[in-house]
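Here's a quick briefing on the fold you're about to see. Have a look at the sequence and model first, then read on.

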Amino acid sequence: MENEIFKALADPSRRTLLDLLYKSDGQSLSELCVPLAMTRFGVMKHLHILEEAGLVTTRKVGREKLHYLNSVPIRQIYDRWVSKYAEPWALELTSLKNELEREPDMEQKPRHVNQIAIKAAPEQVWRAITDPAKTSKFWYNCSIQSNWEIGSPFNLKNPEGKVQAEGTIISIDPPHKLVLSWRMLITDTAGEKPSRITWEIDPHAELNGVTLVTVIHDEFDQALHTANTLKLGLPIVLSGLKTLLETGSTLTSQ
């Protein structure tokens, strides 16, 4: 899979498409064709290669098919190739760059979509994201607490017992879908309005024993610091979830 990612990134037109989605996620084929000097068919071919490599994912919104940057595979390469000593500096610089370049976008549509394939059953994935003993191993050492009923509260606590995030259960369909309101209580995010996180857990259409996990973060027009934090953090969470379920180990930088 890593070879497919490097191959996809080797073409400058495909890197341009990823840059366009990084700047404004959730674009249609027509929107992506405008900045590129190539035919609609050519752009479709490049997007297909990016989808095959897992770098782009798509969702139907109304009659349109929208494209989203899936940063999880890039995060996995980063974890393998970037030194653990260089990582804190890299994350700080990325956060600063995102903050300086951020532009408000008030359209109501899914905004950040991350996706990963995990060699595990949907039930195993569900237990991992709802069991505090397991979340503490991949969600920045935080354990999740809830009775998992619609309308019930949840919170995410660090090892010292301090609540890092809180919200309510909007919708729950074990082991396939979980929708949460989400309010972070750290640094610049503490005073922001709640956003929404949706977990979609589906058996892979082509690979037996593999589950496709999609996490959507949206409704964050009044929670832009939260959006910026989760844009960086969710790929790490998903990579950690995959590592835990497939190896039994916690994610560590190489």
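A charge counts as sitting over a ring when NZ of Lys or CZ of Arg is within 6 Å of the ring centre and within 35 degrees of the ring normal. That's what happens at Y22, where the charged end of K231 sits over the ring, 3.9 Å from its centre. Bear in mind that the model is predicted, with local features needing pLDDT of at least 70 and side-chain atom pairs counting only at pLDDT 80 or more, while totals for chains, interfaces and linings use all residues. Numbering starts from 1 along each chain as its sequence is written, and side-chain values use heavy atoms, with hydrogens and water left out.

**Overall picture**

- The protein has nine helices and nine strands, taken as DSSP runs numbered from the N terminus (helices: H or I, at least four residues; strands: E, at least two).
- Out of 254 residues, 43% are buried, where buried means under 20% relative accessible area, exposed over 50%, and partly exposed in between (1.4 Å probe, protein chains only).
- Take the contacts with a separation of 6 or more: 54% of them are between residues 24 or more positions apart, a contact being heavy atoms within 4.5 Å.

**The sheet**

- Seven strands make an open sheet with antiparallel pairing, in the order β3-β9-β8-β7-β6-β5-β4; two strands pair if DSSP finds at least two bridges between them.
- β3 (112-118) and β4 are the edge strands, each with a single partner, so one side of each has no neighbour in the sheet.
- From one strand to the next, the twist averages 25 degrees.
- β5 (residues 153-157) runs antiparallel to β6 (residues 163-173), joined by five bridges, and L156 stands opposite A165 in β6.
- β6 and β7 form a hairpin with three residues between them; their antiparallel pairing covers six bridges, and I172 faces L178 of β7 as its opposite number.
- β7 also pairs with β8, antiparallel again and over six bridges, with K177 bridging to E200 in β8.
- Six of the eight residues of β7 are buried, so this strand is largely enclosed by the rest of the structure.

**Helices across the sheet**

- Helix α7 (residues 122-130) lies across β4, β6, β7, β8 (195-203) and β9 (211-218), at about 155 degrees to β8. Axes here are lines fitted to C-alpha atoms, for helices over the stretch in contact, and angles run from 0 to 180 degrees between N-to-C directions.
- Helix α9 (residues 224-247) lies across β3, β7, β8 and β9, and runs at about 5 degrees to β3.

**Aromatic pairs**

- Rings of Phe, Tyr and Trp (its six-membered ring) pair if their centres lie within 6.5 Å, with planes under 30 degrees apart called stacked, over 60 edge-to-face, and the rest tilted. That gives four aromatic pairs.
- W139 and W182 are a stacked pair, because their ring centres are 5.6 Å apart and their planes at 25 degrees. The two are 43 residues apart and tie together distant parts of the chain: W139 is in the loop between α8 (132-135) and β4 (143-146), W182 in strand β7 (residues 177-184).
- W139 is buried at 8% relative accessibility, and W182 is buried at 2%.
- Ring pairs link F138, W139, F154, W182 and W199 into a cluster.
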